[in-house]
Amino acid sequence: MDKFERYLSQQIEKHKRCRMSCGDEIDTYNNRDEQLENWFDYQIADGTVHTLERVLEKYKALQQVKEQKNK
């Protein structure tokens with residue numbers, strides 16, 4: 001695993017934790033504005049996780065192609 005893969009993996013885990021904590025807290029707020037704000041935070045974290053996972057998959061595939069060309 002190179003630096004970029006490690007960085008992406010760390011970011012994915014960070015946003016997964018954020019998504020989990022936001023998801024757990026959505027229903028705990030009495031104030032509708034706070035619920036909505038937390039819901040938006042959850043959606044942002046969720047979208048970020050999915051995007052970073054796709055980037056990591058594409059990067060790994062590209063690395064494999066580069067390795068095959070170098071052989």
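Biologist: How many helices and strands does the protein have?
Modeller: This is a predicted model. The protein has 2 helices and 0 strands.

Biologist: What box do the C-alpha atoms fill?
Modeller: Roughly 60 × 15 × 10 Å, along the principal axes.

Biologist: How do you know that the end-to-end distance of helix α2 agrees with its 39 residues?
Modeller: Helix α2 runs over residues 32-70.

Biologist: Which residues of α2 are called buried, and why?
Modeller: Buried means under 20% relative accessible area. In α2, Q35, N38, A45, D46, V49, L52, L56 and Y59 are buried, so each falls under that cut-off.

Biologist: What do the buried residues of α2 pack against?
Modeller: Against α1, residues 3-25.

Biologist: What share of the protein counts as buried?
Modeller: Of its 71 residues, 23%. The protein exposes about 5,700 Å², and carbon and sulfur atoms supply 50% of that area.

Biologist: What share of contacts joins residues at least 24 apart?
Modeller: Among contacts between residues at least 6 apart in sequence, 65% do.

Biologist: How far apart are the mean positions of the positive and negative charges?
Modeller: The protein has 13 positive and 14 negative charges, and their mean positions are 13 Å apart.

Definitions and conventions
Residues are numbered from 1 along each chain as its sequence is written. This is a predicted model: local features need pLDDT of at least 70, side-chain atom pairs count only at pLDDT 80 or more; totals for chains, interfaces and linings use all residues. Side-chain values use heavy atoms; hydrogens and water are left out. Helices (H or I, at least four residues) and strands (E, at least two) are DSSP runs, numbered from the N terminus. The expected span of a helix is 1.5 Å times one less than its number of residues. Buried means under 20% relative accessible area, exposed over 50%, partly exposed in between (1.4 Å probe, protein chains only). Contact means heavy atoms within 4.5 Å. Accessible areas come from the Shrake-Rupley method with a 1.4 Å probe; for residues, only the protein chains shown count as cover. Lys and Arg count as positive and Asp and Glu as negative; His and the chain ends are not counted. The place of a charge is taken as NZ of Lys, CZ of Arg, CG of Asp or CD of Glu.
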